[in-house]
Structures are given as structure tokens and as C-alpha cells.
Amino acid sequence: MVKSMRLLSADIRKNRAIYLMVLPVVLYFFIFKYMPMYGAVIAFKDFSPAKGIWGSTWVGFDHFTAFFKSYYFVRVLKNTFLISFYSLVFGFPAPIMLALLLNELRHKWFKSIVQTVSYLPHFVSIVVIAGLIIDFTNRDGIVNTVITFFGGESSTLLNDASNFRTIFVSTGVWQELGWSSIIYLAALSGINPELYEAARVDGAGRLRQIGSVTLPGIVPTIMILLILRVGGLMEVGFEKIVLLYNPNTYETADVISSFVYREGLAQGNDYSYTTAVGLFQSVLNFVLLIGANSFSRRLTGNHLW
């Protein structure tokens, strides 16, 4: 133990600049990610702000039981899973395909234009994005203009519960497509050019080179990102949901995070109950992360730990 501490101390002195660079990141995660975990204990208490966390009455798993027995349990669980699953199915392969297409471009100016245009939606505020979606899907919006042009009927699309998931997932793919492709482009740049030369010598065309060289070269990156994505499968950010949904679409739009926001802050102050719901969601994601990591390790040899 003493020897390890001495080695660590010597390494800190030797690489002082590197440790100073990483210090803000460590402090950020400690303050905003680890310290708030202390408050998760209120999921097992009848929390009262006046009594404080430790002064509140311990109720055990009562809040979890209440959520499991509630009418909303199946609905929010189903909506969260379906929206995340559709986002994974359609949103995960899209940046990979964009990166592969950009990698094949030989005109650098055109490649730069495509990258810039595809990156832009990521930097636009989610409030602005939601406003655009609402305007485009209104009865007199551009989407309905196209629908009526082809003989359909105009309607306020976001008031129809059956349309919500399609609109949410498709706009999410559009918003993050370019930004998500950056890491794949970085992985593609690390592939040895000699592998492509060897493939061409063997008579491989463009498609064969992609299948034999490009995709195998980025499989480790794809699997690591897939593991992380599956680990967050039961988590859908509430901001966009809250900005787009309404009582008419709760049936297909209400997810765990929006339910927690509405029940815990917007309509009441039942902090313990909503903390229990959020903790349940985190446990589900943790189980999915462990499962995805084990599956990837056995199937491809790529894993997080």
C-alpha cells in the first residue's frame, strides 16, 4: 500500500500538467454525478423538506410498490422502451452510413459542406427545434402541405397519438445524424491505407473494400458505442418530450422521465415517489449495460470492462 502511494505520488509530480488538465473533469463528475447520489435515499423515505433527508420517515419499498401497481407503470415503461428502441434501430446505423459515404467522397469542398450542414442541427437549441417541429406539423405547416399535395387530408399531426413516436424518432435522427458521425469518421481515419491497397491488388471494388476493410476496422468503435447506447435504452430525455407532447398524446408519448417531471415538479411535490421511479429507471439501465457488455464480449471480444 505504501509502495503504491509512493508510485502514485511520483507519477503525479512527473505528470503534473496532465493531472491538472483532468482535474476539472474529475471535479465535475464528483460534484454533479456522484454527490447527488446521496439524495437517492429519499426513494425509501417519506421525504419532507422541513425534516430533511435523515429526519424523514423510512418507508422502505412502499414508493416502488405504488409505482408498480399504478395505472401509469405499463404505459410509461412501454413508451420509454419503444421510443428508445426505435431510436436505436433507426438512429444508430444512420451516422455509420453517413460516415461511410463521407469517407468515399474525393471532393474535399463538397465533403466539408455536407459535414457542416449535417452538424448544424446538433447545435440548435432543443426549444428552437421543438418550435420548428410544431410549426412544420401544424395544420398549415409544410408537412401537411406535402400531404395535401398528394391527396391526403390536413391535420395537426402532433395531436394524434399515433404520429408522436414517428415524429419524435425521425427528428431525433435528423438532429444528431451529423454530430454522431464524427467519432466514426475519426475511427475511419485510423485505418491503415495499405489495407485498401492490398484489397485493390486482390481485385476488390469499392463495396468489397467497405465490407472487407472499412467495416472490420471500425467494429470495435461500433460495439463500444452500441454497448453505451443499450445501457441507456430505458432513458429518454424529458426536454423534447415535454416540449412536444400534450394530453392527447400521453398514451404514446409519456415516458419515465416526463412522468417524473410532471408528477414530481409540475403537478405536485412528491419527491420520494418520483425519486423511486427515477431510481428504478437507473437500475434497469444498469442491468441492460451489464448484459450488453457481456454479450459483446462473448460475441466480438469488444467490451468496456
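Predicted model: local features only at pLDDT ≥ 70, side-chain atom pairs only at ≥ 80, totals over all residues.
**Exercise 1.** Which residues of H15 are buried, and which elements do they pack against?

Solution. 
- The cut-off for buried is under 20% relative accessible area.
- In H15 the buried residues are Ser 272, Tyr 273, Thr 274, Ala 276, Val 277, Phe 280, Gln 281, Asn 285, Ala 292, Asn 293 and Ser 296.
- An α-helix has 3.6 residues a turn, so residues three or four places apart point the same way.
- The partners of these buried residues are strand E1 (45–46) and the helices H3 (62–69), H4 (72–91), H11 (206–231) and H14 (256–266).

**Exercise 2.** Describe the largest pocket and its lining.

Solution. 
- The largest pocket holds about 1200 Å³ of space.
- Its lining has 29 residues; Glu 235, Gly 278, Leu 279, Gln 281 and Ser 282 lie nearest the centre.
- Helices H2 (16–34), H11, H14 and H15 each supply at least two lining residues.
- H15 gives the largest share, ten residues.
- By type, the lining of the largest pocket divides into 15 nonpolar, twelve polar and two charged residues.

**Exercise 3.** Carry out the description for the second largest pocket.

Solution. 
- The space in the second largest pocket is about 910 Å³.
- It is lined by 29 residues, and Ser 87, Gly 172, Glu 176, Arg 229 and Glu 235 are the closest to its centre.
- H4, H9 (161–189), H11 and H12 (238–244) each contribute at least two residues to this lining.
- H9 provides the largest share, ten residues.
- The lining of the second largest pocket comprises 15 nonpolar, nine polar and five charged residues.

**Exercise 4.** Classify the ring pairs Phe 85 with Tyr 86 and Phe 259 with Tyr 273.

Solution. 
- The whole structure contains 27 aromatic pairs.
- For Phe 85 and Tyr 86, the centres are 6.2 Å apart and the planes at 55°, a tilted pair.
- Phe 85, at 35% relative accessibility, is partly exposed, as is Tyr 86 at 32%.
- For Phe 259 and Tyr 273, the centres are 6.3 Å apart and the planes at 75°; angles over 60 count as edge-to-face, so this pair is edge-to-face.
- The pair links helix H14 to helix H15, with Phe 259 and Tyr 273 14 residues apart.
- Phe 259 is buried at 1% relative accessible area, and Tyr 273 is buried at 12% relative accessibility.

Definitions and conventions. Residues numbered from 1 in each chain as written. Heavy atoms only, no water. Buried < 20%, exposed > 50% of the residue type's maximum accessible area, 1.4 Å probe, protein only. Helix = DSSP H or I, 4+ residues; strand = E, 2+ residues; numbered from the N terminus. Contact = heavy atoms within 4.5 Å. 1 Å grid on protein atoms, 1.4 Å probe; cavity = no way out; pocket = protein on both sides within 12 Å on 5 of 7 lines; lining within 4 Å. Points joined across faces, edges and corners; volume = space filled by probe spheres on them. Nonpolar A, V, L, I, M, F, W, Y, C, P; charged D, E, K, R; others polar. Phe/Tyr/Trp six-rings, centres within 6.5 Å; stacked < 30°, edge-to-face > 60°.
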